[in-house]
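This briefing goes through one protein model, topic by topic. Please keep the sequence and the structure in view while reading.

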Amino acid sequence: MGLTLEKYLEIQGKTVEEFETETREAAVKGIKTQFVLDELVKQEKLNVNQEELTEHLMRRAASSGMSPTSSPRPSSSRARSRCSSARSPAARPWPPWSRRPR
C-alpha cells in the first residue's frame with residue numbers, strides 16, 4: 001500500500017503530537033492565506049477567464065510531469081470518506097503526503 005503514519009513519523013523523528021501540531025498550524029495558515037486572497041480578489045474585482053485558467057492548468061500539469069489530458073488517479077472510497085466537506089482541514093486525520101494537490 002504505502003508508508004504508514006507510524007513509519008513516516010519514525011523516519012522523520014517526530015511524535016504524533018508534533019506531527020498533529022505542525023499539520024494543524026499549516027492548515028490554519030493555508031486557510032488564513034486563502035481568506036486574504038479571496039478578499040483581495042473581491043476588493044480588486046479580479047477575475048480569470050477560461051483561456052487563462054486553461055493555460056495555467058496546462059503549465060502546472062507539465063511542470064509536475066503530468067499530461068494535461070490525463071485523468072487524475074481515482075481515489076479510494078476510504079480516501080473520499082476522509083475528504084468530507086463537513087470536516088475542517090485542521091481536523092483531517094491523514095498525513096500530507098497522502099493528500100491531493102493543493
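How many aromatic pairs does the count come to? The count comes to one aromatic pair, where rings of Phe, Tyr and Trp (its six-membered ring) pair if their centres lie within 6.5 Å, and planes under 30 degrees apart count as stacked, over 60 as edge-to-face and the rest as tilted. The pair is formed by Y8 and F19 and is edge-to-face, at 6.1 Å centre to centre and with 75° between the planes. Y8 sits in helix 1 (residues 5-12) and F19 in helix 2 (residues 16-44), so the pair ties together parts that are eleven residues apart in sequence.

This is a predicted model, in which local features need pLDDT of at least 70 and side-chain atom pairs count only at pLDDT 80 or more, while totals for chains, interfaces and linings use all residues. Residues are numbered from 1 along each chain as its sequence is written, and side-chain values use heavy atoms, with hydrogens and water left out.

**Overall make-up**

- The protein has four helices and zero strands; helices (H or I, at least four residues) and strands (E, at least two) are DSSP runs, numbered from the N terminus.
- Along the sequence the pattern reads α-α-α-α.
- Of the 102 residues of the protein, 9% count as buried, where buried means under 20% relative accessible area, exposed over 50% and partly exposed in between (1.4 Å probe, protein chains only).
- The accessible surface of the protein comes to about 8900 Å², and 56% of this surface belongs to carbon and sulfur atoms; the areas come from the Shrake-Rupley method with a 1.4 Å probe, and for residues only the protein chains shown count as cover.
- Among contacts (heavy atoms within 4.5 Å) between residues at least 6 apart in sequence, 45% join residues at least 24 apart.

- Helix 2 has 29 residues, which at 1.5 Å a residue should span 42 Å, and its end C-alpha atoms are 42 Å apart, which agrees; the expected span is 1.5 Å times one less than the number of residues.
- Which residues of helix 2 are buried? They are F19, T23 and A27, and these buried residues pack against helix 1.
- F19 has a relative accessibility of 7% and counts as buried.

**Salt bridges**

- Side chains of opposite charge can pair when their charged atoms come close.
- The count comes to three salt bridges, each a side-chain nitrogen of Lys or Arg within 4 Å of a carboxyl oxygen of Asp or Glu.
- K7 forms a salt bridge with E10, and their closest N and O atoms are 3.6 Å apart.
- K7 and E10 are three residues apart in helix 1, so about one helical turn separates them.
- K7 is partly exposed at a relative accessible area of 39%, whereas E10 is exposed at 56%.
- E22 forms a salt bridge with K14, with the closest N and O atoms 2.5 Å apart.
- E22 is partly exposed, with a relative accessible area of 37%, and K14 is partly exposed at 26% relative accessibility.
- K42 forms a salt bridge with E39, the closest N and O atoms lying 3.5 Å apart.
- K42 and E39 are both in helix 2, three residues apart, which is about one turn of the helix.
- An α-helix has 3.6 residues a turn, so residues three or four places apart point the same way.
- K42 counts as exposed at 55% relative accessibility, and E39 counts as partly exposed at 34%.

**End of helix 2 and the following loop**

- Where is K45 found? K45 is in the loop between helix 2 and helix 3 (50-63).
- Just after helix 2, K45 takes a positive phi of about 50°, and K45 is a residue other than glycine.
- K45 is exposed, with a relative accessible area of 71%.

**Nonpolar surface patch**

- L37, L40, V41 and L46 form a nonpolar patch on the surface, with about 330 Å² of accessible area together.
- Patches are made of residues with over 30% relative accessible area and no salt bridge; like charges are joined within 9 Å, and nonpolar side chains (Val, Leu, Ile, Met, Phe, Trp, Tyr) within 5 Å.
- L37 lies in helix 2 and counts as partly exposed at 42% relative accessibility.
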